[in-house]
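Subject: Structure handover and notes

Hello,

Here is the structure you will be working with. Please open it before reading on; my notes follow below.

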Amino acid sequence: MRRIRLGLMALVFILVSCHGAAPTPSMEVTALDCEALHDATGAPAYLSYPLDGDFVRNWLVAGPVGVESDAYSPLSELALRFGIITSRSGLDPGIEGLPVDHGVLSVAGQQIRWIYTRTEDDHFVDLSPLEEHTDRQQAFVYTQIVVPATRTARFVLTTNGPADVWINGRHVHRQVHVAAPVPKSVPFQADLRAGSNAILIRFEQRVRQGPSYVMALAVPGIGQAEVRIPTETERLDQRALIEQLFPKAYLGSVTSFKGRIVDLHWADDLARAVHYQYTVQDIAGRVHLDGNLRATPGAQVEIGHPFRIWQGPFRLVLRAGASAYYEGKVRYQWELPFYILDTEYSTVPYGSYQERRAEALAYAATQGGTLYGEVAKLSLGRWDELDETMILEAAASLSEDAGYPVTLVGLLERHGGHSEFSGELDASLKAALVTYYFETSGDTSLPLLSAALLAGQRYPQEVFAGGKSGAWHQARAEAEILSWLRGRMATGFRAWDASDAFEQHLLSLAYLADWAQHTEIRSLSNALMDKVALTMALNSYQGAFGSTHSQVDLHRITTAKLAPTSGLNRLLFGMGVYNQHLGGLVAVAGSTYEPAPSIVDVATDSPEEMWNRERHRTDAWQGEVNKVTYRTADYMLSSTQDYRPGAPGDREHIWQATLGPEALVFVTHPARFGERNVVLPSFWTGNARLPRVAQWKDALIALYQLPADDWMGLTHAYFPTEAFDEAEIRDTWAFARQGEGYIALYASTGLSLTTTGPYAYRELRSEGEQAVWLVQMGRAALDGDFDAFKENVRALNVEVEGLNVRFETLRGEVLTFDWQGSLRRDGEVESLSGFNHYENPYLLLPFPAADVDIVSLLEQRVP
C-alpha cells in the first residue's frame with residue numbers, strides 16, 4: 001500500500017472566486033469550469049475512468065513551456081511562498097483555449113496542445129527533462145472529477161516546486177517548495193459540487209529546484225467518484241478499446257540489426273482483435289516504415305525493413321486504423337522505443353586485433369555527422385573523404401562532449417603534420433583550444449585534464465583562457481594526471497566498472513600513452529589501459545560487461561548492445577557490437593595500443609568456473625567497494641558485497657546475472673517510474689534504497705528494506721522473457737534458460753509478471769516493505785536438463801523470516817544471511833570485505849597494489 005509523504009501546508013492563500021459565474025458574451029471562457037466548457041462547445045464527449053486507489057491517473061497535459069524567470073532572492077521566494085506575488089505565479093492561470101484532447105491553448109504567447117496522458121504506476125505526470133536545462137518551465141494539467149453529491153474533499157498534491165490549483169474556476173490551493181529535488185506532498189481541502197468538477201493545476205520547475213519535474217494528485221477517502229476527460233471523438237467505445245489494448249503490445253527485443261527484424265508481440269490475454277496502423281519513426285519524427293494490420297491475442301508480427309534502416313534510436317508508433325484516427329478523431333497512440341544497430345553482435349571471438357582495428361575504424365567512418373567519424377577517416381588515410389565542417393563544428397562546441405577537446409588535440413598530434421592537413425584547419429583548432437577554459441579535476445574530468453596537458457604541451461607559449469600559459473596548463477595537468485594514474489594503479493577505480501567512465505578513461509589514456517612528453521605519464525597510461533582491459537575481461541560474458549557498476553543508465557543495463565564498452569569489447573576481444581559510442585573506440589583503434597595476449601586469453605576463456613574478487617577505493621565518503629564475479633562457460637553472476645545497505649541510492653547497479661547480451665537479470669528498488677538520466681534514481685537505474693547483498697559463487701542473496709513511506713512500495717526484477725530460450729514463473733520462483741545456462745530467481749513476497757505497459761513481459765514485481773530475493777544459477781553440465789534444474793531448485797530448503805535467510809543451494813551448501821550479520825556458509829563466516837585488489841585464477845594483487853606489471857604477472861599464471 002502506497003503511503004503519501006506530507007510536507008508543510010502553505011499558510012496563506014489569496015482566493016479569487018468565479019464559482020457559479022455563467023459565461024456572458026463579454027466574458028472570455030477559460031479552461032476552468034465544466035459548465036463553461038459545456039456552454040461554449042455544446043455537448044462535448046467524455047471519456048470516463050475510475051480513480052486508481054486514491055489517485056487520479058488520467059489527465060490532459062499541456063506543456064511544459066519556457067517562461068521568463070523572475071529575478072531570484074530569498075525575499076521573493078518567501079513572498080511567493082505566502083501568496084504575496086500574484087503576477088505570473090498568481091491567481092490567473094494565464095492560459096487561453098478550452099481543454100479538450102488535442103485542443104490548442106495559448107500560454108505566454110505560445111501555442112501548445114492538450115495531450116491526453118495516463119500516468120504510469122507511480123501516478124506522476126512526469127515532465128522531467130532528458131537533459132539538464134536552464135529554463136524556468138511551466139505546465140498545466142486538467143481533468144474532471146465526478147461525485148454524486150456536494151461535499152468537502154481532502155486532496156494531496158505532490159510536486160517538486162510551485163503549483164496552483166483551481167477547482168470549478170476557483171483558486172483553492174498554492175504550494176511552493178523552496179528547494180525540492182525530491183517531490184513533496186501537501187494536503188488541502190476544497191469543496192466539490194454534485195456532478196462534474198473541473199480541476200486545473202499549474203506547476204513549475206525552476207533551475208534551483210533540480211531536474212525532477214512531476215505532479216501527482218490524490219483524493220484520499222473520496223468514495224464513489226470517477227474521472228472524466230473531454231474529447232473530440234464521438235467513437236467513445238473504439239477510443240476506450242484502443243487505450244485498453246495498445247499497452248498489451250511489446251517488442252521482442254529493444255535492439256534491431258539494421259531494422260530488418262522488428263518483432264511486435266501482442267499479449268495472450270488481448271481482449272479482442274483490433275485493426276491498427278503502425279509507423280517506424282526516428283527521433284525527428286521521420287517515418288521509415290508504415291502499414292496497417294490486425295492485432296489478435298498472442299500474435300507475433302514481423303514488421304522489419306526488407307533491406308535496412310540506418311543506425312539510431314527509433315520508436316514504433318501504434319494508432320487506430322486510418323478511418324478511426326483521421327475521421328473519427330480517435331487520436332490515442334502508443335509508442336515502443338528501440339534502437340537500430342549497423343553491426344551484428346558477436347558472442348564468440350573472431351579475427352586478429354589488427355583486423356578488428358581496421359574494422360572498427362571503417363565502421364566509425366560510416367557514422368556521418370560526428371567528429372569521431374572524421375578522425376576515423378584520417379586514421380584510415382581517407383583524406384579525400386574528410387569533411388572539415390564536422391571537425392570545425394566540434395571545435396565550436398567543445399563543451400557538448402567531454403571527449404571533444406582531447407580528441408581534437410590528438411587529431412592535431414597524429415595528423416597535423418600531414419601534407420593534406422590544411423593550414424586553415426590547423427589555425428581554427430588552435431584558436432578553439434587556446435580559448436577553451438580547462439577547469440576541473442577528478443575521475444570524470446580525465447579527458448579534460450588530458451586535453452589541457454596535450455594542448456599546453458603543443459602551445460606552451462600561448463596565453464589560454466583564464467590568462468595562464470600553455471606551459472602552466474601542461475604542468476598543472478601533469479601533476480593532477482600523475483596523481484590520478486598512481487591512485488588508479490594502486491587502489492583501482494573510484495567509478496568502479498562504470499561503462500561510460502571506462503570508455504572515457506580509455507579515450508584519454510590512448511592519447512596520453514602516444515603523445516604525452518612526460519615519460520612516467522606515458523608508461524602509466526599504457527599500464528592503466530592494460531588494467532582497464534583486464535577488468536573488462538574478468539567481468540564480461542560474451543562481450544557483455546555484465547558486472548556490478550558504480551553508475552549506469554537505462555540503455556546500458558537493459559541491453560549490453562548499447563553499452564559504451566560494447567564496441568571496445570569487440571575491438572579488444574572480438575565479442576560485442578559497435579554502437580553509438582565512438583570516442584573511446586576511435587581513440588584506441590587509432591593508437592599504438594594492442595592488448596597483451598594474456599589479457600585476451602582471460603576475456604576469451606570459457607572456464608568451468610572462475611571466481612574473481614576485487615576491492616577498489618571509491619570516493620572518501622563511501623570508502624571502498626568489494627565486488628565479486630562468478631563466470632562459467634554458460635553464464636556470469638556479479639555483485640557488490642554489503643555496500644551501504646539501506647542508504648539512499650543514486651546510479652549504483654548492485655548485482656546482475658548475465659546469460660547473453662540481452663538475457664540479463666537484476667533487481668532494483670525503484671524510486672519512480674520514469675527514466676531520465678538527470679533524475680536519479682529512477683525505475684531501473686539505481687535504487688531508492690540500497691540492498692544488502694552477499695554472493696557465494698553461483699548463489700546470491702539480496703535483502704531490501706524499504707522505508708515505511710516508500711512511494712513505490714515494491715522491488716522488481718528485470719526479466720526479459722523474450723530474450724531467453726525458455727522462461728517460466730511458478731509461485732515465488734522464476735526460471736529462465738539461455739543456451740545451456742540457467743537462472744532461478746526467488747522473491748519472498750511473491751512474483752507478478754507485468755503483462756502491460758512499457759515493460760510488458762520484461763518485469764517481475766514483488767510488493768512489500770521487506771523483500772528477500774535469491775538467485776541460483778545453473779548449467780546443463782552440472783544440473784542436467786532445464787526441467788531437472790527447475791524441480792531441483794523448487795525442492796531446495798529456503799527459510800525466510802523478515803530479512804533473516806537460510807538458503808540451501810544446489811551445491812549442497814547452506815547460506816545464512818540477515819540485515820546486519822555475517823554471511824555464513826555451512827556455519828563458517830565468509831568475508832564480504834577486505835578483499836585483495838584482484839584475486840582470481842589468473843592474477844593475485846594485494847590492496848593497495850605496489851608498482852606491478854600486470855601483463856608479466858598474467859603471463860606467469862595464465863596457462
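Which residues does leucine 336 touch, not counting residues up to four places away in sequence? Keep in mind that the model is a predicted one. The residues that leucine 336 touches are Ala249, Tyr250, Leu251, Leu264, Phe314, Arg315 and Leu316. Leucine 336 itself sits in strand E23, which covers residues 333-341. Its relative accessible area is 6%, so leucine 336 is buried, the limit being under 20%. Between the C-alpha atoms of leucine 336 and valine 254 there are 8.9 Å, although 82 residues separate the two along the chain.

The chain as a whole

The chain has 863 residues, and 59% of them count as buried. It holds 20 helices and 44 strands. Of the contacts between residues at least 6 apart in sequence, 71% join residues at least 24 apart.

Threonine 558

Valine 254 comes up again here, as one of the residues that threonine 558 touches. Threonine 558 lies in the loop between helix H14 (554-557) and H15. Threonine 558 is buried, with a relative accessible area of 6%.

Is helix H15 buried or exposed? Eight of the eight residues of H15 (residues 566-573) are buried, so the helix is largely enclosed by the rest of the structure. They are Ser566, Gly567, Leu568, Asn569, Arg570, Leu571, Leu572 and Phe573. These buried residues pack against five helices: H5 (353-365), H12 (499-515), H13 (519-538), H16 (583-589) and H17 (597-604). Just after H15 comes glycine 574, which has a positive phi of about 85 degrees.

H12, one of those partners, is mostly covered as well, with 15 of its 17 residues buried. You can check its length yourself: at 1.5 Å a residue, the 17 residues of H12 should span 24 Å, and its end C-alpha atoms are 25 Å apart, which agrees.

Two helix pairs

Two packed helices are described by the angle between their axes and the distance between the axes.

H13 and H17 have axes 7 Å apart and pack at an angle of about 20 degrees. Angles under 35 degrees count as roughly parallel, and H13 and H17 are therefore roughly parallel to each other. Their crossing is left-handed. On the H13 side, Asp530, Ala533, Leu534, Ala537 and Leu538 take part, and they meet Ile599, Val602 and Ala603 of H17. By class, this contact of H13 with H17 has seven nonpolar residues, no polar residues and one charged residue.

What about H5 and H6 (residues 371-379), whose axes come within 7 Å? Those axes cross at roughly 135 degrees, and H5 and H6 are therefore oblique to each other. The crossing of H5 and H6 is left-handed. In H5, Leu361, Ala364 and Ala365 meet Gly373, Ala376, Lys377 and Ser379 of H6. The classes in the contact of H5 with H6 are four nonpolar, two polar and one charged.

Regards

Key: Residues are numbered from 1 along each chain as its sequence is written. This is a predicted model: local features need pLDDT of at least 70, side-chain atom pairs count only at pLDDT 80 or more; totals for chains, interfaces and linings use all residues. Side-chain values use heavy atoms; hydrogens and water are left out. Buried means under 20% relative accessible area, exposed over 50%, partly exposed in between (1.4 Å probe, protein chains only). Helices (H or I, at least four residues) and strands (E, at least two) are DSSP runs, numbered from the N terminus. Contact means heavy atoms within 4.5 Å. The expected span of a helix is 1.5 Å times one less than its number of residues. Axes are lines fitted to C-alpha atoms, for helices over the stretch in contact, and angles run from 0 to 180 degrees between N-to-C directions. Angles under 35 degrees count as roughly parallel, over 145 as roughly antiparallel, 65 to 115 as roughly perpendicular and the rest as oblique. A crossing is left-handed if the near helix is turned anticlockwise from the far one by less than a right angle, and right-handed if clockwise. Ala, Val, Leu, Ile, Met, Phe, Trp, Tyr, Cys and Pro count as nonpolar, Asp, Glu, Lys and Arg as charged, and the others, Gly among them, as polar.
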